[in-house]
Amino acid sequence: MQELIKVAVDAMGGDHAPQEIVKGAVEAVNSQSRVKVFLVGQKAAVQAELQKYQYDSSRIEIVDAPEVIGMAEPPVQAIRTKKNSSIVVAMKMVKNGEADAFVGAGSTGAVLVGGQLIVGRIKGVERPPLAPLMPTEKGVSLLIDCGANVDARPSHLVQFAKMGSIYMEHVMGVKNPRVAIVNIGAEEEKGNALVKETFPLLKACSELNFTGSIEARDIPSGCADVIVCEAFAGNIILKLYEGVGATLISMVKKGMMSSLRSKIGALLVKPALKETLRRFDTSQYGGAPLLGLKGLVVKTHGSSKAVEVRNSILQCVTFTEQQINEKIRAGIGGKENQEGNGSHGI
């Protein structure tokens with residue numbers, strides 16, 4: 001019998017907690033026999049939701065955590081003072097080896113801080129980046145970083161590229177993934193100081209399949225598998241990407257229902273259109289892993305519904321099976337002779 005992958009889920013985080021979180025956890029357990037979920041949160045509330053579903057009771061366990069970290073709370077203070085919060089308790093389970101992974105839809109700041117202060121960085125990793133998958137014409141691309149490090153240095157971006165390549169190759173099955181850096185033009189001499197300094201470092205890195213710069217307009221066409229940037233630009237790209245996608249989908253649906261002729265046409269193209277829209281639904285790709293930590297931490301959208309929670313839990317199975325942390329440790333941590341310190345902030 002294969003060993004279970006144990007995932008500690010913050011049951012109280014996000015806009016739809018605990019209802020959608022619990023539902024997603026049940027769906028994950030019912031669809032994947034290798035998963036065990038610890039629902040960490042206020043016991044009575046979580047138990048009330050669990051009673052609505054049928055599931056293998058040996059693979060879902062409630063861990064009581066009476067405190068909740070709110071979205072507006074200062075992250076560092078909240079992590080340090082709310083020791084019995086669902087985020088802190090769940091992350092400590094990862095740190096202590098009681099769980100293989102953490103999944104949470106709550107405060108992004110608290111998840112980032114908790115990941116570094118509680119779970120801890122792999123030796124040699126300077127900054128852990130958030131790395132979501134984004135749908136493209138050719139499949140998916142990894143955007144790294146999308147929100148963790150707004151003041152990154154060139155050495156950080158090089159590490160992001162290395163970690164992103166490891167993830168895309170071993171989790172997504174992309175051989176020799178193409179790496180590109182976000183820029184305002186294709187020419188090597190373009191860009192701000194950070195991009196100009198990072199470009200030659202990436203170009204000189206023999207471990208990477210570096211293809212040069214990528215402009216934001218080329219990201220949806222799938223011109224690169226790993227898209228490297230600092231978090232300020234990355235977060236803008238991600239949010240605009242999601243907003244435009246949602247708007248276009250809404251407009252297409254509205255247009256198809258605008259007249260009798262369009263409704264007839266909609267019936268004819270419905271199968272193909274449904275598949276196309278499904279591919280551009282970001283919820284099916286799960287959450288964004290915080291790469292470079294000693295344990296797996298996955299951040300899902302605050303607005304996540306059950307399907308995204310389920311997929312975030314399921315992606316932990318592949319991540320753990322492929323030993324991504326061990327590969328990052330060997331590829332980055334193993335080449336450094338000292339621990340990345342906290343002098344650059346969180």
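Predicted model: local features only at pLDDT ≥ 70, side-chain atom pairs only at ≥ 80, totals over all residues.
Student: How is a pair of aromatic rings described?

Tutor: A pair of aromatic rings is described by two things: the distance of the centres and the angle of the planes.

Student: How many aromatic pairs does a search of the whole structure find?

Tutor: Two aromatic pairs turn up. Take Tyr167 and Phe319: their centres are 6.1 Å apart, with 50° between the planes, and the pair is tilted.

Student: Where in the chain do Tyr167 and Phe319 lie?

Tutor: Tyr167 is in helix H6 (residues 154-170). Phe319 is in helix H10 (residues 306-321). They are 152 residues apart, and the pair links distant parts of the chain.

Student: Why does Tyr167 count as buried?

Tutor: Buried means under 20% relative accessible area. Tyr167 has 2% relative accessibility, so it counts as buried. Phe319 has 5%, so Phe319 counts as buried too.

Student: What kind of pair do Phe199 and Phe210 form?

Tutor: Phe199 and Phe210 form an edge-to-face pair. Their centres are 5.0 Å apart, and the planes make an angle of 75°. Phe199 belongs to helix H7 (residues 193-203) and Phe210 to strand E8 (residues 209-214), so the pair ties together parts 11 residues apart in sequence.

Student: Are Phe199 and Phe210 buried or exposed?

Tutor: Both are buried.

Student: Now the backbone. Which peptide bonds are cis?

Tutor: Pro18 sits in the loop between strand E1 (5-10) and helix H1 (19-31). Another cis bond runs from Ile144 to Asp145, with omega near 25°. Asp145 is in the loop between strand E6 (139-144) and H6.

Student: Which residues have a positive phi although they are not glycine?

Tutor: Asn176 is one, with phi of about 50°. Its place is the loop between H6 and strand E7 (178-182). Gln323 is another, also with phi of about 50°. Gln323 lies in the loop between H10 and H11.

Student: Why is Asn176 called exposed, but Gln323 partly exposed?

Tutor: Exposed means over 50% relative accessible area. Asn176 has 51%, so Asn176 is exposed. Gln323 has 45%, so Gln323 counts as partly exposed.

Student: Last, the surface. Which residues gather in a patch of positive charge?

Tutor: Arg80, Lys83, Lys92, Lys95, Lys294 and Arg329 do. Look at Arg329: it is in helix H11 (residues 324-331). Its relative accessible area is 34%, so Arg329 is partly exposed.

Notes. Residues numbered from 1 in each chain as written. Heavy atoms only, no water. Patch = residues over 30% accessible without salt bridge, like charges linked within 9 Å, V, L, I, M, F, W, Y side chains within 5 Å. Areas by Shrake-Rupley, 256 points an atom, 1.4 Å probe, with all protein chains shown as cover. Salt bridge = Lys/Arg side-chain N within 4 Å of Asp/Glu carboxyl O. Lys, Arg positive; Asp, Glu negative; His and termini not counted. Charge placed at Lys NZ, Arg CZ, Asp CG, Glu CD. Helix = DSSP H or I, 4+ residues; strand = E, 2+ residues; numbered from the N terminus. Buried < 20%, exposed > 50% of the residue type's maximum accessible area, 1.4 Å probe, protein only. Phe/Tyr/Trp six-rings, centres within 6.5 Å; stacked < 30°, edge-to-face > 60°.
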